[in-house]
Amino acid sequence: MQHIRTTNAANRLDRLPITKFHKRTILAVAFAYFFEFADINTFAITAPVVREQWGADVNHVAYVTSLSFVGMFVGAVVAGGLADRLGRKQTLTATTLWFTVWSFACVFAWDIWSLGVFRVLTSAGLSAMTVVAVVYISELFPSAKRGKFQAYAIVIGICGTPVTNLIASAVVPMSDWSWRLVYLWGSLGALFLFFVRRLEESPQWLESRGRHEEAEAVLTRIEAHVTAEHGPLPEPQQPKPKGPSVKPGLGMLKDKKFLYPTLLLSVLWITQTIGFFGYSSWAPTLLAAEGVSVEDSIFYVALTTVGAPLGSFLAAMVTDRFERKWCLVVFGLVIAASGLLYGLTFTPVLIVVFGFLVNLFERGYTALAYAYAPELYGTEGRSLGTSIAYGLGRLSNAVGPLMIAGVYNGIGYQAVFMVIAGTWTLGALVLAVFGPATRRRRLAAEAAAAAGTRPTSVTATP
């Protein structure tokens, strides 16, 4: 058999229209996202009840939340390495199962420390699954459309947050033990196994590992599905000569083309993590501490999270139409203003309105960032770079909850939201000044794909 030097995977995928294959892939990833978003705030939701039952205080909640973000950092970095070594599909499956198994273990926690250990292990799987899913979508979808479909996956997935909060608002007050059902709900993500058989490995990853025959087989299957739906395909753009590649691994940190985006994205994810989790993880507990009943605080937060899927949908409308960098800047500044106003009121209607705006624009910001981050890397560095930056963002919030608790205890409730607004503003300014633009590159890829007019056989090798 003739050895294939390149399968031209990126250009072959770029000229494909969206088909049932792409929609099936998005549905599978959205299902995993749904239970990731369902699970990510379960501790915040149940913390007020746990505090009462086990005599825990705000500092105990801070320690568990902080250690959970350490778990997120470890999970993200390990998953980035595994995705490079084992493949995107296999790692996506393993990380999804990991977080659902440990979420199930939370059902049987007997004190704040056992629950904390199980949450750390769950959190490692949550961030691990996220970074792999982001890279997986980026490498399977045409570059001109990947942002929109990344956001669509989150539109579906993010519904896990309000659904879980509404379920929690109903079941938590039922009895002394019913808060455990919130974690049982989160463990249903294990049903992702039913989707795995229909997923394909990333041909770009296979190509980068020198597994050209396997990449060719995957591309041929995908192109066969597309041809069956849309007819003959245009010729792909020919691959451009590449310079010497850097061997995947931490040694890539010496490469400026890898280091610069990693530092930039680290700032993006650090400010996003402290800004968002400082808000979402603490809103129920701080409202309750300020005299709002546990039931009302959970209900108010549940209402605000209804804005989350709408925010992802808004991102889907703008992500491929405008420069993603500037969309992120605008969204970040709106979040800062809305979060600050949230902290300045105790009127129930205004709590819900400003909380709704925070959730709407924050989840839009997240969807934009998921599409933006992988575009700053080549295939060899995409998984590791994305995972390091995302992991450092999560690790930063190991001190975030302790900082929030210190600000709350030392200065007061409103000061917490001033700090949160400041982090969002800082992230927006850094991105505005130093963030690379990516839209021109996407438009060039779209134009090149549209320029192809000659039909090609689905079994042809470029």
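Predicted model: local features only at pLDDT ≥ 70, side-chain atom pairs only at ≥ 80, totals over all residues.
Residues are numbered from 1 along each chain as its sequence is written, and side-chain values use heavy atoms, with hydrogens and water left out.

The secondary structure of the protein chain consists of 22 helices and two strands; these elements are DSSP runs, numbered from the N terminus, with helices (H or I) of at least four residues and strands (E) of at least two. Of the 462 residues in the chain, 59% count as buried, where buried means under 20% relative accessible area, exposed over 50% and partly exposed in between, for a 1.4 Å probe and protein chains only. Contacts (heavy atoms within 4.5 Å) were also examined by sequence separation. Among those between residues at least 6 apart in sequence, 87% join residues at least 24 apart.

The largest nonpolar core contains 102 residues. Such a core is a set of buried Ala, Val, Leu, Ile, Met, Phe, Trp, Tyr and Cys residues joined through side-chain atoms within 4.5 Å. Tyr33, Leu265, Leu268 and Trp269 touch the most other members. Helix H2 (residues 20–40) supplies the largest share of this core, 13 residues. Beyond residues up to four places away in sequence, Leu268 touches Leu328, Tyr365, Ala369, Tyr372 and Leu431. A second, separate core of 21 residues includes Val49, Val107, Ala168 and Trp179.

Two packed helices are described by the angle between their axes and the distance between the axes. Axes are lines fitted to C-alpha atoms, for helices over the stretch in contact, and angles run from 0 to 180 degrees between N-to-C directions. The axes of H2 and H7 come within 7 Å and cross at roughly 45°. H2 is therefore oblique to H7, given that angles under 35 degrees count as roughly parallel, over 145 as roughly antiparallel, 65 to 115 as roughly perpendicular and the rest as oblique. The contact joins Ile26, Ala30, Tyr33, Phe34 and Phe37 of H2 to Phe149, Gln150, Ala153, Ile154, Ile156 and Gly157 of H7.

Helix H7 (residues 146–157) also packs against helix H18 (residues 348–372), at an angle of about 135° and with the axes 9 Å apart. This angle makes H7 oblique to H18. Here Gly147, Gln150, Ala151 and Ile154 in H7 meet Ala367, Tyr370 and Ala371 in H18.

Individual residues were then considered. Phe99, in helix H5 (residues 88–106), is buried, with a relative accessible area of 0%. Apart from residues up to four places away in sequence, Phe99 touches several residues, including Ala32, Phe35, Leu126, Met129 and Gly186. Phe99 and Gly186 are 87 residues apart in sequence, and their C-alpha atoms are 8.9 Å apart in space.

Ser68 lies in helix H4 (residues 58–86) and counts as buried because its relative accessibility is 8%. A polar atom of the Ser68 side chain lies 2.8 Å from the backbone oxygen of Val64. Leaving aside neighbours within four places in sequence, Ser68 is in contact with Arg119, Val120 and Ser123.

Glu207 belongs to helix H11 (residues 203–208) and is likewise buried, with a relative accessible area of 17%. The side chain of Glu207 reaches the backbone nitrogen of Ala9 at 3.3 Å.

How values were computed: Polar contact = N/O pair within 3.5 Å; in protein donor to acceptor, adjacent residues only side chain to side chain.
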